[in-house]
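This briefing goes through one structure by topic. The sequence and the coordinates come first, and the notes follow.

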Amino acid sequence: MNRRQFLKTTAIITGGVLTGLPHSAFPSNPPADLVLVKNGLPAAMVGKALELLGGIKRFVSKGERVLLKPNLSWDRTPEYAATTNPELVAEVVRQCYQAGAANVLILDNTCNDARRSYTSCRIPEYAEKYGAEVRFVRDNQFIETPIPNSRQLKSWLIHQEVFKVDKIINLPILKQHGTTQITMGFKNVMGLIGGNRGRIHRPFAENIVDLNRVIVANLTILDAYRVLRRNGPSGGNLEDVDQLNTLIAGTDRVLVDAWGAKIFGIAPQTLPYLQLANAEGMGEINTDKFRPVVYDF
Amino acid sequence: MIFNLTTVRVLRQFVQVVFLLVFIITILQATYPFKPWLPPELFLWLDPLSATMPLIANRHFDLIFLVALIVLLSPFVVGRAFCGWVCPLGTVIDLNDKIFTQHLKKINPLWRSVKTGLLMLFVVLALLGIQYSWLMDPLPLLWRSSGVIVLSFLFLLVDTSLAILIKLGIFSETLMNFQDRLNAYLFPVASPVFTNLLLPVLILVIILALSNLTRRFWCRHLCLLGALLGLIAKLSPLQRRVDQNLCTKCGICRRKCKMAAIEEDFYITEKSECILCLSCAPQCPPAAITYDWQSPGRMTSKIDLSRRGFLGATLGGLIGAGFFKINQPDSHHSDRLIRPPGAITENEFMAQCIRCGECVRICATSGKCLQIAFLETGWEGLLTPLAKFRYGYCEYNCNLCGQICPTKAIQPLALPEKQKVKMGKAIFLKERCIPYRVNENCLVCEEHCPLPDKAIKVIPQEYIDPLNGNKRIVLYPQVDENLCIGCGICENKCPLNGEAGIIVIREGEERQLL
């Protein structure tokens, strides 16, 4: 082997090894489990959050069916902050398909008329651009589902897709709520249940924790770009909307809600449902101990 | 006559089907999202009775009533052709007669004056402020029975079959897309439910069943619009003529006549009855029948109504009006009778509303609160729309009932105005409401209140359990009566079964002026 041959072989081998290695062989940082992104636009913030969490491929594998659960519940346009930001949702849809998802499904059992709410919140309009399958929720699609180890609800009507899909990504919006002070990820799963939903309010903490035992989001992305401070969860007054330009995402459902409470200005420990969820071992509530990776645009 | 009458007869059937389709299209368009390319009110605007009867009863003129002149004046040119060529109920009856019925009875043609008597009676009623002609006016009648019921039934049928097919997994993707398409343009996502459907259904069923006696029994004997157009058609220049040299008096024309308009001599035609359907002419063996525009002016026949009939109808109207006024509804629940947002004052509302059910249908595709009244508001208010909040609620961002009302009994308010109109106000029934009854949190009503400044306020108060002395903070809801507009979403969403813990009462309701 002469020098030329040696250099050539070395170059080929090195190049081959380098290109063949997975990208994560050179990690800048280990993937975080909780991130807080600030001062960006909704799509950019969720893009950054997913990147810090280790990329969408950590949550969505090739060929999987993914259920996104944004809040489409009210007949309000996005600026009223009663429904999840449509640009944020669209970016998640795009990334899921980029990761090779077979299908990205969006559903919500709305509070106002379904057609009005789906149109006003503009989530279908944005998400369908990237190929999301947005469906109305119908009464005959709920399955009476037993809830094992429950505190309060022995069973409830739960949407069939919850059990059909491979992954669930919860996309709540942070806002004020009369019963629970604020509503976030745990409360957002109410859009996947049927029946007399008003019954869930009593006793709220036990019921909502029970529902989250069977509806388990693999990832929660909390939209706090615009935050409804008063007259929630339906809103309707722009003066009640605060521009927080924030997004929290994580794998621990309790911790995401706890941090949501914290940035809203409420001590997580004062929310009975979070305390109960923490006591039941569903996640961490201590925001002093468990801190997010922060990214400021 | 230059046209071949057989061709014209086929043309008539074609025109009938086209108008029936147009009618169905106008009904289908009465839906959210409301982007009509044909006004859903079209046939009701064209209806002379829907224009004149509220006008007589309320003495209020609206320019839109002029549209009805097209139909009202048409008999001066073409006789009762509207009945034979255009009227969608006539077409439905024709189809029904063809498919289902046997015509068993020969009825004395003099019975045709019944409809003229009824028209007289309803005019007297209207003069006395009771507008009731909608009961037997074919256009609102067909609108309310097909618009509300048939289409909802159809929807249920389509939805159920689609659900079964989707569950079976045959082309489920395509079927789901199809279902979504239907939802986008035609049907609400959840099938609407109605109360008090029996009466409108029954009326239609009876009309169709009566065809077992004779063809077009309704059009011959009962239809008020037919009576009105018939009166004018007596002056029609368009007339069936029989060439007496050719006529063999075989009687086929008289047997074929849908309306019993041909007299015993086979020559004379009663113009107030003839609907120009051309059932007779093409069947005439010697082709003796032609149609011709003669000089109008001389009445070929007198008005059917006898002096006795005239007297009876007038007396009937007077007594009827008295009955409606005296026979008041059970006032026990009168505070719960909520009218649509933008409804005019009650007496005028009853006299202006033609019970077409357009508002009820369009509401069924949105907030779903409007229902057809039975006797809740008395005989006078039969089939008027009422908001019943355990069936639905008034969508804050919806003003479609006012947009669609053909007689402006519900005023067409712009959305910002409608959002301020008080349909009533919500009050708590504290012996039912969960926080007041068992001192636990609920607040579903507060959650749904759509007002930018919620009309339901939360009052946290400490509660001491008398049994064990335990203390807890309970969130008690309270209505701010100045803010509440009575949209009823609180009553609708209240998790209690049966009567809600919060109800909307009529107190403080705001009505519009006509």
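Gln131(B) sits in the loop between helix 8 and helix 9 of chain B. In this predicted model, Gln131(B) counts as buried because 28 other C-beta atoms lie within 10 Å, where 20 or more are enough.

- Setting aside neighbours within four places in sequence, Gln131(B) is in contact with Met53(B), Pro54(B), Ala57(B), Ala126(B) and Ala351(B).
- Ile56(B) is 75 residues from Gln131(B) in sequence, and their C-alpha atoms are 8.2 Å apart in space.

**The loop at Pro406(B)**

- Pro406(B) belongs to the loop between helix 18 (400-404) and helix 19 (415-418) of chain B.
- Pro406(B) is buried, since 28 other C-beta atoms are found within 10 Å.
- Its contacts, leaving out neighbours within four places in sequence, are Glu41(B), Leu44(B), Trp45(B), Ser50(B), Ile354(B), Cys356(B) and Glu358(B).
- Between the C-alpha atoms of Pro406(B) and Leu225(B) there are 17 Å, with 181 residues separating the two along the chain.

**Helix 13 of chain B**

- Helix 13 (residues 224-233) of chain B is mostly covered, with eight of its ten residues buried.
- The buried residues of helix 13 of chain B are Leu224(B), Leu225(B), Gly226(B), Ala227(B), Leu228(B), Leu229(B), Gly230(B) and Ala233(B).
- The elements that cover these residues include helix 3 (48-58), helix 5 (75-78), helix 6 (81-86), helix 8, helix 9 (138-168) and helix 12 (217-222) of chain B.
- Not counting residues up to four places away in sequence, Leu224(B) touches Leu49(B), Lys115(B), Leu118(B), Leu119(B), Phe122(B), Ser133(B), Met136(B) and Asp137(B).

**Nonpolar cores**

- The largest nonpolar core has 134 residues, and those that touch the most other members are Phe122(B), Leu224(B), Cys359(B), Cys401(B) and Ile502(B).
- Helix 8 (residues 113-127) of chain B supplies the largest share of this core, nine residues.
- Another core, of 90 residues, lies apart from it and has Tyr80(A), Ile123(A), Ala217(A) and Leu219(A) among its members.

**Chain B as a whole**

- Chain B has 22 helices and eight strands.
- The C-alpha trace of chain B spans about 105 × 60 × 40 Å along its principal axes.
- Of its 514 residues, 48% count as buried.
- Among contacts in chain B between residues at least 6 apart in sequence, 77% join residues at least 24 apart.

**Strands of chain A**

- Strand 2 (residues 65-70) of chain A runs parallel to strand 3 of chain A, and four bridges join the two.
- Leu67(A) has Leu105(A) as its bridge partner in strand 3 of chain A, and Leu68(A) stands opposite Ile106(A) in that strand.
- Strand 2 of chain A is also joined to strand 7 (residues 167-171) of chain A, by five bridges and in parallel; there, Leu171(A) is the bridge partner of Pro70(A).
- Five of the six residues of strand 2 of chain A are buried, so the strand is mostly covered.
- In strand 3 (residues 103-106) of chain A, Val104(A) and Ile106(A) form the covered face, and Asn103(A) and Leu105(A) the uncovered one.
- Two bridges link strand 3 of chain A to strand 4 (residues 133-134) of chain A, again in parallel, and Leu105(A) has Glu133(A) as its bridge partner in strand 4 of chain A.
- A right-handed β-α-β unit is made by strand 2 of chain A, helix 3 (residues 86-98) of chain A and strand 3 of chain A.

**Contact between the chains**

- On one side of the contact are 27 residues of chain A, and on the other 32 residues of chain B.
- Helix 4 (residues 114-121) of chain A gives the largest share of the chain A side, three residues.
- The chain A side divides into six nonpolar, twelve polar and nine charged residues.

Methods:
Residues numbered from 1 in each chain as written. Chains lettered and ligands numbered in written order. Predicted model: local features only at pLDDT ≥ 70, side-chain atom pairs only at ≥ 80, totals over all residues. Contact = placed C-beta atoms within 7 Å. Nonpolar A, V, L, I, M, F, W, Y, C, P; charged D, E, K, R; others polar. Core = buried A, V, L, I, M, F, W, Y, C linked by C-beta atoms within 7 Å. Buried ≥ 20, exposed ≤ 12 C-beta atoms within 10 Å, placed from the backbone. Pairing = 2+ DSSP bridges. Right-handed = clockwise from strand over helix to strand, strands pointing away.
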